[in-house]
Amino acid sequence: MVWDYVAFVVFLVLSTALPLWNKCGDGKDKTKAAYVFATGSRVSTFAMMLSIARGTLGVRSVLGYPSELYYRGTAMWETLYGMVCAYPIVCFVFLPVYYSLGITSVYQYLDLRFKSRLVRCLASATYVVRSLLNVAVTVFTPCVALKTVIGLPYWASIVGITSISVFFTLLGGLKAAIHADVIQGLVMIACTLAIIVQGCVSAGGIENVINTASENGRLQFFNFDMDPAVRVSTVSALFGQLFMSLSIFGCQQSFVQRYVSMESQKAVVKTLIGNIPIIVVLFSLSWVAGMGIYASYVNCDPLLFGYISVIDEIVPFFVEDKFVHMPGLLGIFMAVLFNGALSLTVSIINSLSTVTWEDFFLQLPHFQTFNDRKQLIVIKCIGAFYGVLIVGIAFGVALFSGVIESSMLMTSATSGPLLGVFLLAMLIPCCNWKGAAWGMIVSHILTLWITFGKLTMKREPISLLPLNDEGCTNATFGHLGPPETAFFVDSDDLYITNNTDVEDVISISKEPEDFLTELYSITYMYYSLFGCFMTVFLGIVISMITGTSEEDAYDEKLIHPLALKISRYFPGPPRKYVADKITSPDKAVNHVNHINHINHITPERYTPKEIPLPDKKPPV
């Protein structure tokens, strides 16, 4: 495997150095804006689209989706419906509200809208916790394949990915992360196409690949089973993924950072809408690769035969098995997984450090006097701290396998309340900070209660589709050596697995017996929908009970224009906004200075004549 090691190291060095080449020529980032938003350097629309697509799919598109189709079918493929529907909603609901606000952290919008540090900090803390859990799993995921195929220890992979990510964060900022996404995305596409071509060759053509998958129950679409305990159906895939995608695309700092780094709102809309076919193609390529792998092993499954121990190892095993005569390709494939986790970690660390600085550190009086250069230094130090923290959490994931599923459930559970508070802010003019805060708190408590209840409940393993090892012989994978979990039987000339866990996994879940068991049995696909609904419902009810006061008035530009227009037709006294209380230039300047303090903008940029004043005070 010498050539594989060489290819792994060379690709890793090149993909790290090339995005920083322009950075070395341009010198260090002069301002915080250049570091956080890549201002002062033009990022092409194609690069931004591919970067957003990589951030959407992640490492799971290389390892997770092919193994999902192989062992569980196409149910999860239908999450593409919700993902695609989320893009136009983000374009026409979220972007018009906060694109031109000039904010560095997306959670500053909540401070402007509700005039509450509590709501802002709750949303920011939700994002930080979710991102840390998510990035720890992202870092650990390729470590499994790297250890299985190349033999790289967990600690080396975890420390390596995180260290290079911190290096990128300190030197490159957002621009380097976007360019790294482009390089790794293109190589990932090339590797996926190579797997598809090899799978078709091994199975005897694309027609055989499709027929084999269809005849063995791998292609099953449009399952409208309304049972909430079903792991994934068409309904849960559509609505569950829609709310999770809206929370990620519309409320997550790493994505909004990319939006506001572009030259105009029109360019952002063009990029997001144009990204839909890219997502569809890249998402579907991974599933087609799973079809090719399944057709190649339809008569001799490596899991039953004992060559792999978990289903996620099927893709690296296929590369090791079928590309054995192409030295170096396995190393490139492993480097793609390594760099896939790397690029996502860079993006998330960059966003986490920005959010932590803007929403927590900058609220303290001591840090408000820092100039731009000192702010940039502190942001980079925060990023380095998060790198160390991610290493620790990733080691925890490696030591306790249940943490992986726990972090996935936490990610789904925290998406709903975060999306709900943004919908309250943008679409519900009557909502105040009390309703938003209590809606988030209660929704978090309920969703986390269900999540931890699901983890503590004695659950049956997820059922797998039928597998076959009747075509296995000693020579099937002879070039890979004997499996560790099998014993030899002379009469049948077969390696037969003695791992009873495989038979335990292929089982059917039992029917729930009581209310709590039924509640905990609800699929995690609905957690985001439930959390969002509870936040919005409680936010409206509590706001109506507590009412609004003069201090709750805000700028009407913080509400979506359509929601503002519709609200004027509702019964009751018209709502007062900030502009309704401004009656003199002095008050207008004081109001602008308050907004500048929240956004940390120097007052010299504004003059009283720039403030639009009403001709007369409207009736209350």
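R120 is buried, and D111 is buried as well, where buried stands for under 20% relative accessible area, exposed for over 50% and partly exposed for the range in between, computed with a 1.4 Å probe on protein chains only. These two residues form a salt bridge, with their closest N and O atoms 3.0 Å apart, and by that term I mean a side-chain nitrogen of Lys or Arg within 4 Å of a carboxyl oxygen of Asp or Glu.

Before I go on, please keep in mind that this is a predicted model, in which local features need pLDDT of at least 70 and side-chain atom pairs count only at pLDDT 80 or more, while totals for chains, interfaces and linings use all residues. Residues are numbered from 1 along each chain as its sequence is written, and side-chain values use heavy atoms, with hydrogens and water left out.

R120 also forms a salt bridge with D359, and here the closest N and O atoms are 2.6 Å apart. This pair links distant parts of the chain, since R120 lies in helix α8 (residues 117-150) and D359 in helix α17 (residues 329-359), 239 residues apart; helices here are DSSP runs of H or I with at least four residues, numbered from the N terminus. Both R120 and D359 are buried, and a network of salt bridges links D111, R117, R120 and D359.

Now to another pair: E556 forms a salt bridge with R568, the closest N and O atoms being 3.6 Å apart. E556 is partly exposed, at a relative accessible area of 29%, whereas R568 is exposed, at 58%.

With the rule as stated, the count comes to six salt bridges.

Definitions and conventions. Helices (H or I, at least four residues) and strands (E, at least two) are DSSP runs, numbered from the N terminus.
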